[in-house]
Amino acid sequence: MKQQKSSPPIQEETIISPYGLQRRNMFKFLGAAAAITAVGVSCKKDDDPGTMNNGAVNLGSGDTGILNYAYALEQLEAAFYTQVVATPYSGISADELNYMKDIKNHEIIHREFFKAAIGSAAIIGLTVNFSSIDFTSRSSVLATAMAFEDLGVNAYNGAGKLIVSADYLTLAGKIVSVEARHAALIRDLITPGTFANSVDINALDTAKSPAEVLAIAGTYITNTIDASNLPTS
Amino acid sequence: MNLKNIFTEIEKTDPEIYDRLDTRRNIMKGFGNLSGKLALAAVPLALSSLLNKAYAGDSGQRVDSINDVLNYALTLEYLEAGFYNSIVGSPGYLTASATAQAALSKIADDENKHVAFLQTVLGAAAVPTPTFDFTGGNGSGAGPFAGYLNSYAIQLAMAQTFEDTGVRAYKGQATALMSDNDILTAALNIHSVEARHASHIRQMRRALGAAGAVPAGVDLKPYITLNQSGIAAPFDAAVAASYAGEEATTQATLNLLTIGGMTFTAEDASAAFDETLDMAQVLAIVDPFIV
């Protein structure tokens, strides 16, 4: 786990508190904060230790933290499918390649959406580590895709209750069902008919906490992710 | 028409519904002024605007309680479970491959479990199942989907529409459940399962092509592109409301067609986000199926 070379993340949880702000006001507020950031924040070695000293990428707190959490996961997914499309596994069918291109675009759109929505409080671009994946192997790629998509569903389902803004909750809902559509597709590509074999005894999907998700996702991310300021309930 | 029944059902869980709307007499008088074909066409819209008035714009107090939302979800699950239960073993179903039959049986099982789960959560507050007319004929048995029991293609078209509608319906209620973390999480955990079902049904229809009532030239995907149902005439008109609005390419004021210095097609930008439907929109969609 090493720090990436690019500039450290900008942390503003003491400035930006999205609690109770309507989205429009939130964006206004972010805009104002961005201006402050440009002149007021630099990487001073002695303060803000959680952000700077240990090299970890701090997701931040409140809704901004949850959005950064989602942004981190979308970065991971987008990077994965970008690689899959760049170097398709051997024997990939035309249909499968088209699906991979679609999903790649969806995940990049999600990533860029979060980056733009979070604005100046967004975490840096993460460095991924896909050394455990054999991109020439259909089974390796699809198994990883399934893990990522199911994990995405678990993550958004678990993050819902942590979100304060109704608008952000709805946006998370708009994305998670697309991740679930992907997950079902990938599962069916591996074994037809297994689209919903993820469900429990009540036919419900599973929700995972950020800590549970990052323990898994983190193995594919070079940066250390600091989720310690995220809301927990 | 079953509008009175819908209001009666809502009234059971939200006794103040008529206060929100107007007086009961004025509502029914309002509908009484409509007549003939015009009335049939206008009623969903009228209902929709009435309910929007009733449930939107209240400041401060919670107007639809958690149980209201859960009973609404339960009603939709009754619809889905009842539908799948009716097709499993039907002549149309029996024309499908063993793999396809297994998938439909699996989904039926999931929907029945959703019903049981919500009934358990609601306890005595759970609404009973309505009587359904799965032809979409309001009890006439002669709606646009008449003959669905004999047609695997119609069954899949209906299944897709119910699943995609269910996804949008749950999504639309998430914010109404924010005061109860456990209920919100459970609802989200059902919501994503409906999306998994939708994805699979769409793959089944894609594999069938024209034989599955997929219009010529349509590249049906597991996700919703633009506002296309991917369902051929004459059924397309009956399902259009379930897909209206899905063509959105702007989210939170951000234009997804050009974002991050990249450009994307409207198909990709719209498919990347599913859209919500509010309670009134969904009630208008399911109205023809509830006797």
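# Briefing: helix packing and the A–B contact

α5(A) and helix α7 (residues 210-217) of chain A pack with their axes 9 Å apart, at an angle of about 155°. Axes here are lines fitted to C-alpha atoms, for helices over the stretch in contact, and angles run from 0 to 180 degrees between N-to-C directions. Helices (H or I, at least four residues) and strands (E, at least two) are DSSP runs, numbered from the N terminus.

A word on the source: this is a predicted model, where local features need pLDDT of at least 70 and side-chain atom pairs count only at pLDDT 80 or more, while totals for chains, interfaces and linings use all residues. Residues are numbered from 1 along each chain as its sequence is written, and chains are lettered from A and ligands numbered from 1 in the order in which they are written.

**Helix pairs in chain A**

- With that angle, α5(A) and α7(A) are roughly antiparallel to each other; the classes are roughly parallel under 35 degrees, roughly antiparallel over 145, roughly perpendicular from 65 to 115, and oblique for the rest.
- α5(A) passes α7(A) in a left-handed crossing, meaning that the near helix is turned anticlockwise from the far one by less than a right angle (clockwise would be right-handed).
- On the α5(A) side, the contact is made by Leu151(A), Asn154(A), Ala155(A) and Ala159(A), and on the α7(A) side by Pro210(A), Val213(A), Ile216(A) and Ala217(A). Two residues are in contact if their C-beta atoms, placed from the backbone, lie within 7 Å.
- By class, the contact of α5(A) with α7(A) comes to seven nonpolar, one polar and no charged residues. Nonpolar covers Ala, Val, Leu, Ile, Met, Phe, Trp, Tyr, Cys and Pro, charged covers Asp, Glu, Lys and Arg, and the others, Gly among them, are polar.
- Another pair is α3(A) and α4(A), whose axes come within 8 Å and cross at roughly 150°. These two helices are therefore roughly antiparallel to each other, and their crossing is left-handed.
- The contact of α3(A) with α4(A) splits into 13 nonpolar, five polar and seven charged residues.

**Chain A as a whole**

- Chain A has seven helices and two strands, and along the sequence they follow the pattern α-α-β-α-α-α-α-α-β.
- Of the 233 residues in chain A, 52% are buried. Buried means that 20 or more other C-beta atoms lie within 10 Å of the residue's own, exposed means 12 or fewer, and partly exposed is in between, with C-beta atoms placed from the backbone.
- Take the contacts in chain A with a separation of 6 or more: 78% of them are between residues 24 or more positions apart.
- Ser93(A) sits in the loop between α3 (62-86) and α4 of chain A. With 11 other C-beta atoms within 10 Å, Ser93(A) is exposed.
- Ser93(A) and Glu112(A) are 19 residues apart along the chain, and their C-alpha atoms are separated by 28 Å.

**Where chain A meets chain B**

- In total, 45 residues of chain A are in contact with 49 residues of chain B.
- On the side of chain A that touches chain B, α4 (94-118), α5 (138-159) and α6 (166-190) each supply at least two residues. α6(A) gives the most, with 17 residues.
- The residues on that side of chain A divide into 23 nonpolar, 12 polar and 10 charged.

**Helices of chain B**

- Helix α5 (residues 66-87) of chain B has 22 residues and should span 32 Å at 1.5 Å a residue, which agrees with the 32 Å between its end C-alpha atoms. The expected span is 1.5 Å times one less than the number of residues.
- α5(B) is mostly covered, with 19 of its 22 residues buried. Just after α5(B), Gly89(B) takes a positive phi of about 90°.
- Ala100(B) belongs to helix α7 (residues 98-122) of chain B, and it counts as partly exposed with 19 C-beta neighbours inside 10 Å.
- Ala100(B) and Ile285(B) are 185 residues apart in sequence, and C-alpha to C-alpha they are 27 Å apart in space.

- The peptide bond from Ala233(B) to Pro234(B) is cis, with omega near 5°. Pro234(B) is in the loop between α9 (181-208) and α10 (236-239) of chain B.
- Asn138(B) is not a glycine, yet has a positive phi of about 55°. Asn138(B) lies in the loop between α7 and α8 (152-173) of chain B and is partly exposed, with 18 other C-beta atoms within 10 Å.
- Ala252(B), also not a glycine, has a positive phi of about 50°. Its loop runs between β1 (250-251) and β2 (254-255) of chain B, and Ala252(B) is partly exposed, with 17 other C-beta atoms within 10 Å.
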